[in-house]
Each structure stands twice: as C-alpha cells, then as structure tokens.
Amino acid sequence: MATTQFTVAVAQINPRLGDLEANLVLYEERAKAARGLGADLVVFPELSLTGYFLKDMVSTVALQLDAPEVKRLAELSRKGGLIAGLVEETSDYRFYNSAVYFEDGKIVHVHRKAYLPTYGLFDEGRYLARGDRIRSFDSRFGRCAMLICEDMWHPSTLCIAALDGALVVFCPSASPLRGISDQHEQDDNARYWELINATYAQTFALFLVYANRVGFEDGIGFWGGSEIIDPTGVRLSKGRYYEEDLIVGEINLKSARRQRVISPLLRDENIDLTINELARIRGRMGVTSSESAGPLAVAPSEERPALRTRRVSRPARKR
Amino acid sequence: MAVSEKPAAEGPRLVRPAIPTNPPLLRCILTKFIGNEVRKAGTDRVVVGLSGGVDSSVSAMLAAEALGAANVLAIKMPYRTSSEESLLHADQVIACTGMASLQVDITPQIDVYFERFPDADALRRGNKMARERMTILYDHSARWKGLVLGTSNKTELLLGYGTLYGDMASAVNPLGDLYKTQVWALAQEIGVPEDIIRKQPSADLWAGQTDEAELGFGYHEVDQLLYMMVDLRYSRGELYAAGFAESFVRRVSDMVQHSQFKRRLPVIAKVSNRTIDRDFRYARDWGR
C-alpha cells in the first residue's frame with residue numbers, strides 16, 4: 001500500500017571523477033545523513049556514482065545491474081527508497097546514463113536517459129547509448145517517474161510521465177553552470193532550470209524533485225541548487241548554489257489531488273489528438289510508419305526495459 | 001581605435017548587447033573553482049607571477065580568498081627595463097593581502113643569453129623573458145608544492161596575444177573565460193588597488209609599451225566585438241550593422257583564426273588506434 005505522505009531528501013554531492021569506491025562511500029555517508037533527517041527516500045544526482053565528463057572512462061566505470069557495487073546501493077535502500085545515477089552496462093555491452101530506483105534492497109525501476117546532449121560542451125552521444133522509453137512506475141510512495149537532466153528540456157517527456165500516472169517526477173541532473181547576466185545572483189542555466197521546474201510541476205500538477213550536483217570537472221562547474229517543487233509550482237525546499245548540500249522536503253500527494261481538481265489539465269489532455277498530429281508531422285518529416293518504432297501497441301508492457309535486438313531502420317543519413 | 005576607416009553597412013543599426021560582468025557572481029564561481037581544482041591536485045597552494053598588472057593582481061587575490069593568503073606565493077620577476085611602478089603595484093597587492101612573496105630579477109640570465117644573439121629584436125626578447133619567467137614559476141611550484149596559477153584572460157587568449165609556453169602556461173587559470181572588461185569589473189569587486197585598475201594595460205616588454213598601442217585597438221572595443229562574434233555568434237553582416245568597421249572585424253577574426261595553434265596541443269601525427277587527445281580522451285580531472 002503506497003503512502004501518500006513522505007519525506008524526500010536530495011544529496012547534492014561533488015563526486016570524484018571515475019572513482020567508484022570513493023563515490024560509494026559518499027553515497028553511504030549521505031544516505032545515512034538523510035535517514036538521520038527523517039528522509040524516507042534519498043535522491044542522488046545524475047552520474048554521481050561516477051562523475052560526469054567520463055569520456056573514455058565510460059566503459060571502465062560502467063556497472064551491470066548485478067554488480068557488487070549495485071548490491072551495496074541496494075543495501076542502502078533497506079529502510080527506504082534510493083535513486084542512484086550511474087553508467088549501466090547491459091549484457092550486450094551497451095552503456096547507458098541511467099537512474100536506478102531501489103526499494104527494500106531491490107531494483108524497482110531503471111530509467112535510461114533518452115535525450116543525450118551532444119552539442120556545445122556536451123559529448124554524451126559519443127559515449128553512451130540512447131534510452132528509448134519513459135515509463136512511470138509504482139513505488140511505496142505512489143506512482144513515480146524518473147527523467148535525467150536533458151530529458152527535462154524536452155517537454156514531451158514530462159507529458160508522457162504525467163499521462164502515465166506519475167505524481168512525483170525525480171530528475172537527477174549534472175547541470176553545468178554557464179552564462180552570467182547582470183543583476184542575477186545565479187548563472188543563466190540555473191535560472192532556466194528553476195523556470196522549467198516550477199512550470200512543469202504546476203502544468204502537470206505533480207511533485208518535481210530536482211537533484212543537481214556541484215563541484216568542478218576540468219573547470220566546468222555544476223551549480224547545485226537542487227529543489228523540491230509542489231504541484232502548485234511552489235518551492236518546498238532549496239539546495240545551496242555551488243556548494244554541497246543535503247535538503248529534505250515533505251511530500252503530501254493530496255496536494256496533487258487538490259491541484260488536479262482546481263486545474264484538470266491532465267484530465268482534458270487529448271492523447272489521440274497528440275498521437276494523430278505527431279504521426280502527421282512525422283510523415284511530413286519523411287519517416288513512414290513502417291520505418292518508425294511503431295505505435296504504442298508494439299511497446300513491451302514490462303516495467304524493466306527490454307533490450308531491443310533489432311535496430312529501428314531509419315533513412316540513410318550522410319555521415 | 002586605429003582601424004575605423006570604413007563606415008558600417010547601410011541599413012538599420014543593430015544595438016550592441018552589453019557584456020555582462022556580474023562581479024559578485026564571478027567572484028563566487030572563480031574562488032570555488034580555484035579551491036576545488038587546486039585541492040583536487042592534492043595541494044592547497046599556488047604560485048603566481050605577479051607583474052603589478054590587473055590580471056595577475058586579480059588572479060592572486062582570488063587565490064588568496066579561495067585558499068588563504070598564506071597559501072599563495074607571489075613571484076615578482078622584473079627585468080632591468082621593467083617599470084618601477086609595476087613593482088610598486090605588485091608590492092601593494094602583496095601588502096594588502098598578506099600573501100608570501102619573492103623577487104627574482106631575470107636580468108642576468110636574459111642579458112647573458114642575448115649577448116650571444118645581439119641581433120634579437122624586441123619580440124624575441126619579450127618572448128624569451130616570458131618563457132624565462134615561466135621556468136621560474138614552475139621551478140618554484142615544485143619547491144612551494146603548489147600549482148602555477150594562470151593569469152591570461154579571454155581577450156588575450158582569443159587574440160593570441162600572449163607567449164606560448166610563457167605567460168600562457170599554467171596549471172589552473174581562473175580568468176581564461178573572462179574578457180578584459182570583465183576582469184576590470186571583477187578587480188573593483190575584490191578590491192584591487194585603484195591605481196592598478198586605472199593604468200594602461202602593458203606586458204612591460206619594453207619601456208613605454210602598452211597593449212592597446214601595440215594592438216592598434218582598445219580592449220573595450222575589441223571585447224565588445226569578440227563577445228558578439230564568439231559568445232553570441234553574430235554574423236559578419238550583423239557585426240557591420242552594429243557599427244564595427246569591416247577592416248576591424250577582419251583583422252580581429254584573422255587574429256583569432258591564426259592563433260588557434262596557441263590554444264591547442266601540438267599537432268600529433270596519428271599512427272596508432274588511440275591517439276592522445278583525439279581518440280584517447282580523458283578529462284584532466286581523471287580520478288580526482
């Protein structure tokens with residue numbers, strides 16, 4: 001039976017690049033501290049078990065989900081939930097930027113980052129495989145979803161998660177600080193994130209738990225500022241900027257109910273309209289339905305992502 | 001500005017966006033950057049060449065704030081033609097922060113060297129001095145058990161206005177993504193003495209040398225151009241519409257393009273399957 005009221009913590013940490021053991025110790029320390037603050041669930045940032053700018057280290061730090069290190073993480077979830085950010089290696093040797101949700105010592109759900117930024121300072125597409133699904137999942141804290149950093153910059157991901165029943169969206173992130181403006185106390189990226197976090201939470205009437213990291217890797221800093229936003233867009237808790245922190249927030253799912261009564265946008269969402277129009281647009285972009293992954297009917301129903309053995313064929317592109 | 005012979009293209013004038021400075025935010029980010037990157041290298045100490053100019057003063061003072069003044073060793077390295085004023089300014093920075101300091105006169109080794117090559121022009125002599133200073137900084141970084149702190153700013157780095165393996169060499173550089181205009185604003189914020197901020201920028205390569213006279217344009221003007229060209233990616237046409245002379249845009253673009261080699265590792269001939277920095281790619285902070 002899922003609880004409707006619980007305390008969530010965000011561990012805003014500064015991991016060591018490529019040092020799994022050091023970061024596991026950091027996880028254990030922060031998870032313990034979070035429990036000490038009464039947290040039922042603790043969320044760690046994107047790739048915080050490994051560091052972010054891994055480049056050729058990706059295959060070195062990757063973990064299959066039955067690895068001893070993953071078992072150590074699972075142990076940390078004996079008394080509550082835990083979300084870890086790591087490089088997941090599949091049995092066919094693909095590497096994903098994954099968020100893993102643990103509960104009662106077990107893996108409950110894995111989200112593989114679907115949108116891999118490969119522009120500007122980012123290079124994820126060079127090293128990592130792309131996740132191909134967004135699924136909400138049931139936990140002891142109700143129905144939830146996970147999205148990783150850049151996933152959130154594509155509003156369709158939030159929409160899918162919400163329509164799939166999520167009342168809480170967790171977003172582990174490794175967002176670099178960049179851009180300064182006059183008269184603003186934080187960098188431009190921090191301000192943009194805060195804008196979309198509040199907007200999405202209110203638009204989709206759900207809790208949004210944003211877990212960002214801090215520290216520097218090769219001079220690139222991460223701005224921290226993790227936050228927990230309620231379904232009215234109100235910030236319940238906020239992490240410090242540019243410094244490590246541990247924040248907690250009280251989540252009461254009844255406030256999502258209230259917001260959905262006041263503003264029933266999700267109820268009124270016309271899925272068929274969206275599907276039809278997207279199918280039309282996809283056709284205009286030159287991809288026929290036989291070349292695409294196909295409609296929802298072919299999507300596997302299991303919660304854990306199954307490996308696709310056949311790549312979806314796409315029109316040949318010049319390399 | 002010495003290169004404004006041609007008016008901008010006809011048509012609507014384009015407003016030049018101001019370069020943001022936000023000194024309190026820069027101060028916060030850069031002190032955290034220094035603390036984080038220096039400590040990851042297993043030390044909390046840095047060595048910095050203090051010329052008495054605004055860039056090295058800002059770098060040194062940021063480091064003193066990030067690591068504690070006792071962990072910063074400022075080294076003054078004058079040549080016999082260096083200005084007395086520069087040394088006084090360096091001493092002001094040392095006095096107001098309480099950082100450790102050292103003076104190494106580079107005149108003997110420079111003069112002995114050029115006795116063998118008396119035909120060397122001012123450029124060769126200036127470059128040799130910059131590299132001589134670099135070797136001293138690296139030698140003392142070993143003695144002091146600290147990293148060499150860089151002082152090059154984004155304007156200089158983009159224009160290639162620096163000596164490769166000389167003043168451009170360092171382990172950690174807090175100012176490399178700041179235009180000179182931003183360095184000046186940050187200098188005010190962190191309390192660099194006014195005389196240092198107000199004086200004409202100079203590499204002090206020879207008596208009376210100033211950067212702006214040598215370059216042929218001012219830092220404010222070129223920073224505005226570089227900001228729009230590099231950071232905001234304005235097209236040539238848009239730059240002309242913003243009132244920049246074609247010759248100025250062309251000259252600055254050429255400087256950026258022709259100095260690209262200074263911002264990269266030396267060219268390595270690819271022979272193996274994994275070549276350093278091409279398909280053998282790791283962050284510098286590997287394991288830190």
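# Reading contacts, burial and salt bridges

Student: Leaving aside its neighbours within four places in sequence, with which residues is B:Asn153 in contact?

Tutor: Contact means heavy atoms within 4.5 Å. Once neighbours within four places in sequence are set aside, B:Asn153 is in contact with B:Asp55, B:Leu175, B:Gly176, B:Leu178, B:Lys180 and B:Val183. Please note that this is a predicted model, in which local features need pLDDT of at least 70 and side-chain atom pairs count only at pLDDT 80 or more, while totals for chains, interfaces and linings use all residues. Residues are numbered from 1 along each chain as its sequence is written, chains are lettered from A and ligands numbered from 1 in written order, and side-chain values use heavy atoms, without hydrogens and water.

Student: Where is B:Asn153 found in chain B? Is B:Asn153 buried or exposed?

Tutor: B:Asn153 is found in the loop that links β4 (147-148) to α6 (154-159) of chain B; helices (H or I, at least four residues) and strands (E, at least two) are DSSP runs, numbered from the N terminus. Its relative accessible area is 0%, so B:Asn153 is buried (under 20%; exposed is over 50%, partly exposed in between, with a 1.4 Å probe and protein chains only). The C-alpha atom of B:Asn153 is 8.5 Å from that of B:Pro174, and the two residues are 21 residues apart along the chain.

Student: With which side chain does the side chain of B:Asn153 make a polar contact?

Tutor: A polar contact is a pair of N or O atoms within 3.5 Å; within protein, one must be able to donate a hydrogen and the other to accept it, and residues adjacent in sequence count only through two side-chain atoms. At 3.1 Å, the side chain of B:Asn153 makes such a contact with the side chain of B:Asp55. The B:Asn153 side chain also reaches the backbone nitrogen of B:Thr155, at 3.0 Å.

Student: How many helices and strands are there in chain A?

Tutor: Chain A has eight helices and 14 strands. Of its 319 residues, 52% are buried. Among contacts in chain A with a separation of 6 or more, 68% are between residues 24 or more positions apart.

Student: Which side chains along strand β14 of chain A are buried?

Tutor: In a regular strand the side chains alternate between the two faces of the sheet. In β14 (residues 245-252) of chain A, one face takes A:Asp245, A:Ile247, A:Gly249 and A:Ile251, which are buried. Strand β1 (residues 5-12) of chain A runs antiparallel to β14(A), joined by eight bridges; two strands pair if DSSP finds at least two bridges between them. A:Gln5 stands opposite A:Asn252 of β14(A).

Student: How many salt bridges does the structure hold over all chains?

Tutor: Side chains of opposite charge can pair when their charged atoms come close. The rule asks for a side-chain nitrogen of Lys or Arg within 4 Å of a carboxyl oxygen of Asp or Glu, and over all chains it gives 41 salt bridges. One of them joins A:Arg191 to A:Asp188 (2.9 Å, N to O). These two residues are three residues apart in helix α6 (residues 188-203) of chain A, so about one helical turn separates them. A:Arg191 is partly exposed at 27% relative accessibility, and A:Asp188 is partly exposed at 26%.

Student: Which parts does the pair of B:Arg27 and B:Glu189 tie together?

Tutor: The side chains of B:Arg27 and B:Glu189 meet in a salt bridge (3.3 Å, N to O). B:Arg27 lies in helix α1 of chain B and B:Glu189 in helix α7 (residues 180-190) of chain B, so the pair ties together parts 162 residues apart in sequence. Both are partly exposed, with relative accessible areas of 24% for B:Arg27 and 31% for B:Glu189. In chain A, salt bridges also link A:Glu194, A:Glu227, A:Arg235 and A:Lys238 in a network.

Student: What area is buried between chain B and chain A?

Tutor: Buried area is the accessible area (1.4 Å probe) that two parts lose on being put together, summed over both. Between chain B and chain A about 2,100 Å² is buried, and carbon and sulfur atoms give 55% of this. B:Leu25, B:Lys32 and B:Arg281 supply 26% of the area that chain B buries against chain A, more than any other three residues. The contact takes 26 residues from chain B and 27 residues from chain A. Three salt bridges are counted between the chains; B:Arg274 meets A:Asp56 in a salt bridge between side chains (2.5 Å, N to O). Helix α1 (residues 23-40) of chain B gives the most to the side of chain B that touches chain A, with nine residues.
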